[in-house]
Each structure stands twice: as C-alpha cells, then as structure tokens.
Amino acid sequence: MWYCNTAPETQAKISKSIIHPFSVRGYEGLTINPYQGCQHRCGYCYATYEWSPEFYDKVYAKINSPDILEKELKSWKREYIDPVMISSATDAYQPAELKYGLTRKCIQVLQKYGVPYCVFTKSIIIERDLDLHSSYSDNCCIAWSITTCNEKVRRVIEPGTPPADRIFDVIKKFVDRGVRCVVNINPVVPLVTDSPEEIDTIVEKSQRANVQYAFAAVMRLRQDIWERIKTVLEILGVPDGVELYSQIFGFVEPISANYVPADRKYSKQVLEMIEQKMSNAGIAFEFPEMPSRQITRQLGDGVMKQTCLTDY
Ligand code: SF4
C-alpha cells in the first residue's frame, strides 16, 4: 500500500546477479540495486511494477550482493566498464541500509575495481559514507533527487523522505569535500511542484549549498502512478486537477499501462524555466561527465594501472 504510516517489513534474500544493464529515455547504462522495495513511499515512483506489489511494504535486502558484485567484476569480460547507477529501482540509502550496510559494502567493491559510479538518493543516511565517497571523488557523483521544498507537499507526495532542508545540509557537506553533486529535480509533478516559486526555492538552496550541477525531468504517467497521483491531487485540493492532467498528458481514462509522457509544449516550458533559473544561479544544467574506465584488475600482489577511456 502506498500511503501508510508504518515502516515496511525487511527480509534478507539471496540474489543470483547484481550488475544489470538498464535503459531509460534513450540512455543506456549499468545499475546495481542492493535492495528491492523502498521505504520512501514516493507516489510518483516508477519502480512499482505489478510484479512487485509489496514494493512499499516489504524491503528485501540482497545480502549476498557485495559478494556477487566482487565475483562479477573479477570475471568482467571487457577491459572497460561504464559508470554504474546506484540505484535504478530503489533508494540504496533507505533506512534498511543502516541495518544491512549492503550499499556501503558494494561501493567498497566498486572502488576496489576502479568502477565509476553515480549514487541517486534522497536520503540523509548517505552522510555516514561521506569519507568513503570523498576519497573517490574523481570517479563518482551523487545525484540528489529533490522534488519539493514545500513540507506540506512533501508529506503527501513522498511521505517517507526527509525534508529538503535536511538533504541540502548533507549536500553541502559533500560539496565541501569535493564530491560532484547534482540536484536532480525529478520528477517535476505537474500542478504540484512545477510553480516558478517552488523552483526558485530549490535553485536558491542549491546555490547556497554550492551545488555545481542540476537536472530535471517531468513525471511520466502509468496506470498505477495515475491512481496515486489522483489521491495526491485530491489531498492537496488542486482545483480541476484530474481534468487538467488529462489535458497535460492527453489521455482519456482508463489510462495506458505503458508510460504516458506529458505534452511536449508543457515539458519544454517547464524544463526551459528550470534550466534558465539554474543557469542564472551559475549552476550547469547537466550531469558531470562520467567516462568509462578500465577495470582495475588484481594481479597477484600488484595492481594494474587504471586508465580513463577518454585518455586515448
Ligand atoms: S526513493 Fe526512488 S525508489 Fe524509493 S519510492 Fe521514491 S522514487 Fe521510488
């Protein structure tokens, strides 16, 4: 169940593999997900597929993930490896990480093999690993998913996340330690988090935290996401919300089980506004460059030199 005050049950599970290819909006890459399910309870979450009905209520900890990761990297067939996204279908720093520590262990393995990575999170638990990430700052980045600085809205659309102010405090610590940080306004929820005033607040807080990069994307709809968003519109009392959504997304109910993007004109307008505001604040509207890297292979007592692909 999405909207619920109780913490999910956590359960250990054994996984067969951990590095998986993924593709989103034309971008292809690698990802690892040490957990399945997520306590953050975001109403717009894309990872709530029908094959994962307990997504918000049961968090599986893949307790062998650091070991399989080591095995998969040891036997990696290619010389180079693309940056790894942590994670594509869960928040790897959700509260279960305090109990299991799987994300920390996986990151130690990635670092051992010289693998570039980008952590996507909205959790302040990542502060525990500040030393770990900052010691690897040339080869990693942290993308902070910030959707709103409005507490009333946050409690409705993502009730399991920390307030944005607490996230910005942690972001500043990472920036101060030389870690590349991206404020990822993703997703922008039409009629809920897309006002110029809302964006101004995020830009101002990003600027105060000395964030160097920003990015944004408009929410896509899917049948199950739409059911939750209807509840959001109702709780927040958005006037004519359902009707306006059908115009922005151009659908008639029942909505498709596949993704429905927002109207191009709407998306262009919102994204250009965000880009403009970020640029005015001196923040680049892009992700930092993360080149593929040569895997550092363990050769007896010695370690092979690691080279960046773009060095050639
Ligand atoms: S943090 Fe990410 S994975 Fe977790 S519920 Fe929110 S959107 Fe889904």
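This is a predicted model: local features need pLDDT of at least 70, side-chain atom pairs count only at pLDDT 80 or more; totals for chains, interfaces and linings use all residues.
1. Let's start with helix 8 and helix 9. W226, I229, K230 and L233 in helix 8 touch G241, V242 and Y245 in helix 9. Sorted by class, this contact has five nonpolar residues, one polar and one charged.

2. How do the two helices lie against each other? Two packed helices are described by the angle between their axes and the distance between the axes. Here, helix 8 covers residues 223-235 and helix 9 covers residues 241-249; their axes come within 10 Å and cross at roughly 135 degrees. Because of that angle, helix 8 counts as oblique to helix 9.

3. Now hop over to helix 3, residues 102-112. Which of its residues are buried? They are L102, T103, C106, I107, V109, L110 and Q111. Just after this helix comes G114, with a positive phi of about 65 degrees.

4. On to the empty spaces. Rolling a probe the size of a water molecule over the atoms shows where empty space is left. You'll find one cavity of 30 Å³ or more in the structure, and the largest cavity has a volume of about 40 Å³. Its lining includes S145, R154, E158 and I167, and by class the lining splits into five nonpolar, four polar and two charged residues.

5. Last, have a look at the second largest pocket, with a volume of about 150 Å³. T48, Y49, E50, R222, Q223, D224, A257, N258 and Y259 line this pocket. The classes here are three nonpolar, three polar and three charged.

Note on methods: Residues are numbered from 1 along each chain as its sequence is written. Side-chain values use heavy atoms; hydrogens and water are left out. Buried means under 20% relative accessible area, exposed over 50%, partly exposed in between (1.4 Å probe, protein chains only). Helices (H or I, at least four residues) and strands (E, at least two) are DSSP runs, numbered from the N terminus. On a 1 Å grid over the protein atoms alone, a cavity is a set of points where a 1.4 Å probe fits but cannot get out, and a pocket is an open set with protein on both sides within 12 Å along at least five of seven lines; lining residues have an atom within 4 Å of a point. Grid points are joined across faces, edges and corners, and a volume is the space filled by probe spheres set on the points. Ala, Val, Leu, Ile, Met, Phe, Trp, Tyr, Cys and Pro count as nonpolar, Asp, Glu, Lys and Arg as charged, and the others, Gly among them, as polar. Axes are lines fitted to C-alpha atoms, for helices over the stretch in contact, and angles run from 0 to 180 degrees between N-to-C directions. Angles under 35 degrees count as roughly parallel, over 145 as roughly antiparallel, 65 to 115 as roughly perpendicular and the rest as oblique. Contact means heavy atoms within 4.5 Å.
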